[in-house]
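Biologist: I am new to this structure. Could you take me through it, beginning with the terms you rely on?

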Amino acid sequence: MDFIYYFGDVFTPLSFMLLLGGTIGGLILGATPGLSPTMAVALLIPFTFQLEAAQGLILLGAAYTSTVAGGAVSAILLKIPGAPANIATTLDGHTMAKQGQGARALQLSFLASAVGGIFGVLLLIFLTPVLAQWALAFGPSHLFWLAILGVTVIGTLDSASVVKGLLSGCIGLWLATIGFDDIMGAQRFIFHPALGGGINIIAALIGLFAIPQVLTMFAKGRHHTGAEVIEVQRHSILEAFRELFSRTRALSIGTLTGSIIGLIPGVGGQIAGLVAYDQTKKFSSEKDKFGTGHSEGVIAAESANNAMVGPSLVPLLTLSIPGSPTAAVLLGGLLIHGIFPGSDLFDNHPDVAWTFINSMLIGQVLMCIFGLYVAGLAARVAQVPQSVMAAIVLALSVFGAYSVQGSMGDVYVMACLGIGMFFLERFGFSAAPLVLGLILGPIAEANFIQGGMIADATVGKASYFLTGGLNLLLITVVLASIAYSVWMELLHRRYTTKEEAQA
Amino acid sequence: MNRSQHVFGSGLVFAVGLWVTWVSYTQQPAEAFLFPRLIASVFVVLAGWTFGKAVMGLSKVGNGVTRTMFLNMLPGLIITLIYVFWAAKSLGFYTATAIAFFVLLSIYDPAPHSKTKSWVKRGVITAVFLAVMYGLFAMLLNVYTPKEILF
């Protein structure tokens, strides 16, 4: 119950202002198509440099939570999901809006998001300290395998191609080795002076997540969103409350599905909404109404999206394995403040850990309150031409990368990685495992070297890294995640080939 | 997607993989390259596999870049490169940002180019955006950016 002691820290004037600003800004950013939650959080990191660690994390956490929920606004009012996580919301939400029930759909969406989100954060509160204490038993070999696990799980589950996902992770791990070696001081892969200090994680995050989006917007040409905002009529919030709690099946399926999916590293919110929507439809007595503006569809999808947020931070805060790409960016935000996840976080920085987690709990309530008021404005922002958004994001990326340490080298690295990532994505590679490799690379290497030294003085490298219960468990999980993804890919390919043959 | 695009893309990644492997196994001190060797070995095998599949025409994932996409993107990409690699340092961050922002808006804004109102709108948006950026970075965050021409 440690978290209760730090509740007051969320309500200091600056912290609360940041929470409020992050929530409202996140709702607006989330509603903007093309601005993903991951990109929004990456662009916000430079703004946290001058803040205390806890305050910086409050801003990032609030933005993470509310961008996911904000995506529902454009999904409902414009039929454009703000983020991939909101695809399922469009199915019934937009139909409701077209039927003149936009306000009802928005109210249900934000209320369901809040319920799902609060449940998810409560899971985070109760699971994290237990797992963090368990993580104390981890030695260098286990931490090495954990880092490899983080890269392989996201590499295999987050990519359409297992090989390309793993290759993206390898590229990230290699990028992390650029610069001076920590132990020998040797130069490694420094082929340009800008790389002398290695690749700065924040500049890389901005480049990898923001620049491909900018180029994608350019690639659409002089394109108009073409979507008209549907006017929102008044609707009683009390009625929405009553309706939400009369649809307990949809709410509980959405919340539980999102929470479970959030706990699995790498799966993320993209599929949480769709899986919850599908499951709710299966168990519903009104199956036929789904897709025709049925409130259960909105409730299931949105409760799942936000229920995923809290649990996706459990593996991050305990074992350094981000549960989603956005959680990977948050890990970057933690590391720049010199804070390492795991027991160190809860033993040495409990104020930072609990203030951050508590702020996410309060943030869910604020998101629900302000979501309803900001929805109209957010939908108008979503209509801003993509040319303006692209130019804004580009300028923010350049300023953000420069402000990390006042170096043009970081700006060059940001641009090169971003442009490279755009083309890699077009060839089926994925940014998430690359980022994970870049973030977890130094952790993997430090433990590989430290473990190697211990092994040389004791049982030898092979025995040290490849035997022991925990090592074997982690290796098994790494191999199982690869095998599962290969199997799924083969199944999908067989299914696609059969469909093509029938067509 | 075009097979040659797959071959080119994966070939480039394979070439990087080969270079990383060569550097990892030839540079000294060897102790500093232990971890990179481990990574490079996996990297080059996976990159070789991907390249081989692309050469045999078995690459299925990825939509590539169509001609229309590339032509749409090209002006923006060129401006981005000039802005990042030359203008920001040589002209000063804010001057370069103002020019790049206005030019990008002019190229990609769907509003008609023939109307004066469109140009005025673009100018106003640029001015407001620059004021916000200056307020955020120079005044709030105290970020000192290169100042060459104007500011």
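Modeller: Helices (H or I, at least four residues) and strands (E, at least two) are DSSP runs, numbered from the N terminus. This is a predicted model, in which local features need pLDDT of at least 70 and side-chain atom pairs count only at pLDDT 80 or more, while totals for chains, interfaces and linings use all residues. Residues are numbered from 1 along each chain as its sequence is written, and chains are lettered from A and ligands numbered from 1 in the order in which they are written.

Biologist: How many helices and strands does chain B have?

Modeller: Chain B has five helices and zero strands. From the N terminus on, its elements run α-α-α-α-α.

Biologist: Is chain B compact or spread out?

Modeller: Chain B is more spread out than a compact globule, because its radius of gyration is 23 Å, well over the 15 Å that the globule rule gives for 151 residues. That radius is taken over C-alpha atoms, and the rule is 2.2 Å times the number of residues to the power 0.38. Along the principal axes, the C-alpha atoms of chain B fill a box of roughly 55 × 40 × 25 Å.

Biologist: What does UniProt place on chain B?

Modeller: An unreviewed UniProt entry places the feature "domain: DUF1468" at residues 12–146 of chain B. Such annotations may be inferred rather than shown by experiment. That span is 76% helix and 0% strand, and its end C-alpha atoms lie 34 Å apart.

Biologist: How do α7(A) and α18(A) run relative to each other?

Modeller: They are roughly antiparallel, a term for angles over 145 degrees. Their axes, lines fitted to C-alpha atoms over the stretch in contact, with angles from 0 to 180 degrees between N-to-C directions, come within 11 Å and cross at roughly 175 degrees.

Biologist: Which residues make that contact?

Modeller: Among them are A:Leu205 and A:Phe209 of α7(A) and A:Leu434 and A:Leu438 of α18(A). By class, the contact has 10 nonpolar, no polar and no charged residues.

Definitions and conventions:
Angles under 35 degrees count as roughly parallel, over 145 as roughly antiparallel, 65 to 115 as roughly perpendicular and the rest as oblique. Two residues are in contact if their C-beta atoms, placed from the backbone, lie within 7 Å. Ala, Val, Leu, Ile, Met, Phe, Trp, Tyr, Cys and Pro count as nonpolar, Asp, Glu, Lys and Arg as charged, and the others, Gly among them, as polar.
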